[in-house]
Amino acid sequence: MIKKEVEKILQYVQKPARYAGGELNSVVKNVQDISLRYAFCFPDTYEIGMSHLGMKIIYGLVNEREDAWCERVFAPDSDMEEQMRKNNVPLFALESGDYIKDFDIIGFTLQYELSYTNVLNMLDLAGVPLLSKDRTSLTPIVCCGGPCACNPEPVADFFDIVFLGDGEESTNQVLDLLKVCKEKGLSKQEFLNRAKDIQGVYVPSFYVDEYNEDGTLKSLTPKNGAPEKVKKAVVSDLDKCYYPKSFVVPFINIVHDRAVEEIFRGCIRGCRFCQAGFIYRPIREKSVETINNQSKALIASTGYDEISLCSLSTSDHSCVNEMLSSLIDWTVKDKINLSLPSLRVDNFSDELVEKLNMVRKSGLTFAPEAGTQRLRDVINKNVTEEEVVRTCTKAFDNGWTTVKLYFMMGLPTETMEDIEGIANLGMQIIHAFYKNPNRQKGTGVQVNISCASFIPKPFTPFQWESEDNMESLKAKQKHLLESIPTKKIKVSFHETPTSLIEGVLARGDRRLNAVILDAYKNGCTFDSWDDRFNFDGWMNAFEKNNIDPHFYTQRQRDFSELLPWDHLDYGVSRKFLEKENLKAHENKTTPHCRIKCSGCGANRLNGGNCDARG
């Protein structure tokens, strides 16, 4: 239901469908019939947020309850924000058109650090006080979850509660508790006192920070009976866990406009730079039957002609060939395109190629991550140059002509020789194409190289490492371009100034709350968009708060240092991460979980179970 004041301003914005609601499968309820209203907020535009699987899961999960209504909220683009502020229209939810300041829960998903100022802008647009301490009534409870919630300290002052880990069970537990508190007329403080006892729920205001003279964290002390270590929530059985039978189908194109089936959580690989690979452990797989049934239900309810399999490494599902066979049986017949992102070069088997040949060909994407074997061993990639070339050759044999390769720049111990290795690997693949007698005649090859800047993240073996500075990264980018002798290789880079801010926020502490607030007041929003990024606004905010951003990025940390996220338990033990860090500096690899269990400890939070072990 669009309110009249909203309808009036939609004629002045570029994409009114972003704000209109009413899409297929969106859920509309009668406000009189429900006890709880949940605004699920994605702090970026509609096209990006509507592609996010987590939102689809929580939206369906909450709306299955008869007593609750979950609605979607996205960050309005600048044209819409201008109209809203000019006409005094507060931030509203798409399904009802109601203003979210009157909702019971306002929840944000934190998918990337550079969305933090958008969170503040959305709260401000909603007319909700930005700081948790200034929101004294029971509702709205402002919360967050998602991957960045594994170090919520830089935004701790803004949120009442933080969801750690899987949200399927803890969300319902929090909603049940809030309903009881509302019915009994309890205060926000009483709600928080009870919420702290739910596994996977962290109450930032129940912890007090102190710092050493050198600026490092001295202590983070719990109060009000809060636990010293807050455990993340873990869903044990993905076959029994909630998964939506339908998705909201947008009226306009979104980034990933297709059905998505999650096939497993976690990763067996242990790449030392990859936060997701550690924070989503232990491995939990869906059965082939569940994957098949859920995929069919989504296609039937949405009308999509494409389904994408979602995981950190699709080809690592233990029954990948059986799974693909069962999906191909009906997707080919029904002309449904099957998309398999996140393929590994070391298990790109003939059988897998045969299966892929039955679905529509798009470009293949692989991630060698580093240009030399030495550096791939440092990051524990466990992939050789021969495997990359052999896999690409196999793809060329079967008609592919475009390959995309992901690399990182600024990895620990990296040299210019490693940078040249990226160009050399690209050339090896081009040579493999032209040497291949089975290649399609009259066709050329395209190798697209994408280089992201490495940013050390919490809960990884590299969480103690320093981050490469902007000057060094620019020199490496220049050297790579100079090392490439052909136009058949195209290179794209990540912007280096945004990497600095992302690096600060990733491993920051509570002193950054004031910086983020001031950056927002300086006009910083949509920081992940290169054309909107306001570097000066951020640097002024650091200066005003007497904080050197390089303290968080260009400093090697000692194992003895207390890290801002050490009070949060994501399962993987600190001792394991330390051991992996030492092995990295010795250029030693660790075999993946199915070859040998390395005792990371993540299964501890799942009753000792991990699907990688058997």
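Reader: Which residues lie nearest the centre of the second largest pocket?

Author: This model is predicted. In this model, the second largest pocket holds about 320 Å³ of space. Its lining consists of 14 residues, and those nearest the centre are S132, K133, A156, D157 and S205.

Reader: How many cavities of 30 Å³ or more does a search of the whole structure find, and what is the volume of the largest cavity?

Author: Rolling a probe the size of a water molecule over the atoms shows where empty space is left. A search of the whole structure finds six cavities of 30 Å³ or more. The largest cavity has a volume of about 90 Å³.

Reader: Which elements give two or more residues to the lining of the largest cavity?

Author: The largest cavity is lined by 13 residues, and R18, Y19, F74, P76 and L94 are the closest to its centre. The lining divides into ten nonpolar residues, one polar residue and two charged residues. The elements that contribute two or more residues to this lining are α2 (17-20) and α5 (78-86).

Reader: How many charged residues are in the lining of the second largest cavity?

Author: About 80 Å³ of space lies in the second largest cavity. Among its 14 lining residues, D509, F551, R555, E561 and P564 lie nearest the centre. The lining includes six nonpolar and two polar residues, and the number of charged residues is six.

Reader: Which strands are the edge strands of the open sheet of six strands?

Author: Strands of a sheet pair through backbone hydrogen bonds, either parallel or antiparallel. In this sheet the pairing is mixed, and the order is β2-β1-β3-β4-β5-β6. An edge strand pairs on one side only, and this holds for β2 (68-74) and β6 (201-202).

Reader: Which residue in β6 is the bridge partner of F163?

Author: Strand β5 covers residues 161-163 and runs antiparallel to β6. Two bridges join these strands. The bridge partner of F163 in β6 is V201.

Reader: Why are the buried residues of α19 on the same side of this helix?

Author: Helix α19 spans residues 535-544, and its buried residues are G537, W538, A541 and F542. They lie on the same side of α19 because the arc that they cover around the axis is only 135°.

Reader: What covers the buried residues of α19, and which residues are exposed on the other side?

Author: The cover over the buried residues of α19 includes α6 (116-126), α17 (496-506) and α18 (512-521). After α19 comes N546, which has a positive phi, near 60°. On the other side of α19, the exposed residues are D536, E543 and K544.

Reader: Is I299 buried or exposed?

Author: I299 is placed in helix α10, which runs over residues 288-302. Leaving aside residues up to four places away in sequence, I299 touches A259, Y304, E306, I307, W330 and I336. A residue counts as buried if its relative accessible area is under 20%. The relative accessible area of I299 is 12%, so I299 is buried.

Reader: How many Å apart in space are I299 and T486?

Author: In sequence, I299 and T486 are 187 residues apart. In space, from C-alpha to C-alpha, the distance between I299 and T486 is 43 Å.

Technical notes: Residues numbered from 1 in each chain as written. Predicted model: local features only at pLDDT ≥ 70, side-chain atom pairs only at ≥ 80, totals over all residues. Heavy atoms only, no water. Buried < 20%, exposed > 50% of the residue type's maximum accessible area, 1.4 Å probe, protein only. Helix = DSSP H or I, 4+ residues; strand = E, 2+ residues; numbered from the N terminus. Arc of directions from axis to C-beta. Contact = heavy atoms within 4.5 Å. 1 Å grid on protein atoms, 1.4 Å probe; cavity = no way out; pocket = protein on both sides within 12 Å on 5 of 7 lines; lining within 4 Å. Points joined across faces, edges and corners; volume = space filled by probe spheres on them. Nonpolar A, V, L, I, M, F, W, Y, C, P; charged D, E, K, R; others polar. Pairing = 2+ DSSP bridges.
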